[in-house]
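Good morning, and thank you for coming. Please look at the sequence and the structure on the screen while I speak about contacts between side chains.

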Amino acid sequence: MSIGIVWFRADLRLSDNPALYAASQSCDTIIPVFIDDTHSNTLNPLGAASRAWLHHSLQQLQHSLAQHGSTLILRQGSALETLSDIIKSSGATQVFWNRLYDPISTQRDTQIKQTLSTLVSVQSFNSSLLFEPWQILKADKSPYKVFTAYWKQVLQQGINHPLTPNPLHINPPPVLPHSLKLNNLQLLPSKPRWDEAMMQHWQVGEAAAHQQLEYFLTHGVAHYSINRDRPDLIGTSKLSPHLHFGELSPRQIIHATTHYKSTHPEWSADLLKFESEVGWREFGYYLLYHFPQTTTEPLDQRFKQFPWRSPSEYAADLKRWQQGTTGFPIVDAGMRQLWQTGWMHNRVRMIVASFLTKNLLIPWQAGEAWFRDTLVDADLASNVLGWQWTAGCGADAAPYFRIFNPITQGEKFDPDGAYVKTYVPELKGRNAKVIHAPRQLGEHYAYPLPIVDLAASRARALAAFDAIKIK
């Protein structure tokens, strides 16, 4: 009887799971394993909000496996030591996993594969991307740094790939290795349980991911090209956390959008735009793989000399930004939405990131770290890509002079102030015509005065760009 181990990571689903399917083809029995090794990953730890989501996602995966008569083995500690122990105790002869692409995981997986390959057969697969990062290159074999050129090449190669069949079986061996209880992983915060209110905004797991995709395609994709920029409307897919944890694959999304384009040609432009947003996620992984230093360093090396304010200078301003008390309604609404729901509308993410890096002159790494801790969709690749884009130091970066004005952005994309009123309730009584303007002296609203002067801080940012010769 051949026994195979399937090491689940950011692929918490049964369908379109290449590692699981390959194991079901070549092994009589399968040991599904999840290893919480984030405590040893000090350079890129999983944030608190993501750990809360992970708890519920693992719970759903346990349920799905139980329906197939299987059990998810939960362990905590070093991945190499844990896999070695399970191989020894179970007699497994094969190990399967789906690849990760951040620099820490890539290095770790290479080491694990080299070590385990002396004992068992080890196979890895692509389950989270349309293309491997090394498959899309320019004619000179160098990686792209501009999204439009990258995505054009991807589209030329075709993005509607066949889905991996469902596993043939997930039979467990007669004797399973020791497993921790889910609560033993301590993924949820201790008291106060702030996660309970946050998770009320979400349904978690593979089934919920497919339901959300179907809901978006039937109710949200029409006018997506326009509504995606409106935080006051339900105009985005909200699939990002499901993708982050692999409850849904990009191939499954493209498979569904391709079908909808054929049955609803009137939505083709919106569906193409949505597919390009899937491409932006893909591009983030692509850049992270080819430029691993960008987790902490700017892609544009000129920004190493950028005159950011020092931590002692910006500590108080950073805290007000984190708490949503900057005195700029659209910024504060976004930061409070993040704290309450673990998610923030993408347009507002750009606004709050521009405000932090350009108006407050606080390094993008401080914002990236806060997002990573508070977002349920805190995907390292997308997070770094977004922050470096807004700060002007990454691939396809926003021009140095593009400094989002939070007042005009709010007026344009939240015209009636509905979004602000939802998350900044102290401004509910303010006239919609002025709701996005900072509070003036003498107004009775229990809302802070603006933290900074927009015109002066814009001039300061432009001078800082000039100091490193960004023209």
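A salt bridge is a side-chain nitrogen of Lys or Arg within 4 Å of a carboxyl oxygen of Asp or Glu. The model before you is predicted, so local features need pLDDT of at least 70 and side-chain atom pairs count only at pLDDT 80 or more, while totals for chains, interfaces and linings use all residues. Residues are numbered from 1 along each chain as its sequence is written, and side-chain values use heavy atoms, with hydrogens and water left out.

How many salt bridges does a search of the whole structure find? The number is 22. One of them joins Asp232 and Arg230, at 2.7 Å from N to O. Asp232 has a relative accessible area of 21% and is therefore partly exposed; the term buried means under 20% relative accessible area, exposed means over 50%, and partly exposed lies in between (1.4 Å probe, protein chains only).

Asp300 and Arg302 also meet in a salt bridge, at 2.8 Å from N to O. Asp300 is buried, because its relative accessible area is 19%, whereas Arg302, with 43%, is partly exposed.

Next, consider Arg51 and Asp36, whose side chains form a salt bridge at 3.4 Å, N to O. This pair links distant parts of the chain: Arg51 belongs to helix H2 (residues 48-67) and Asp36 to strand S2 (residues 29-36), 15 residues apart. Helices (H or I, at least four residues) and strands (E, at least two) are DSSP runs, numbered from the N terminus. Both Arg51 and Asp36 are buried. There is also a network of salt bridges, which links Arg228, Asp229, Lys273, Glu277 and Arg347.

I now turn to aromatic rings. Rings of Phe, Tyr and Trp (its six-membered ring) pair if their centres lie within 6.5 Å; planes under 30 degrees apart count as stacked, over 60 as edge-to-face and the rest as tilted. The structure holds 29 aromatic pairs. Among them, Phe147 and Trp151 are stacked, with 6.0 Å centre to centre and 15 degrees between the planes. Why are these two residues separated by about one helical turn? Phe147 and Trp151 are four residues apart in helix H5 (residues 147-157), which accounts for that separation.

The rings of Tyr150 and Phe283 are tilted, because their planes stand at 35 degrees, with the centres 5.0 Å apart. Tyr150 lies in helix H5 and Phe283 in helix H11 (residues 268-290), 133 residues apart. One aromatic cluster includes Phe147, Trp151, Tyr150 and Phe283.
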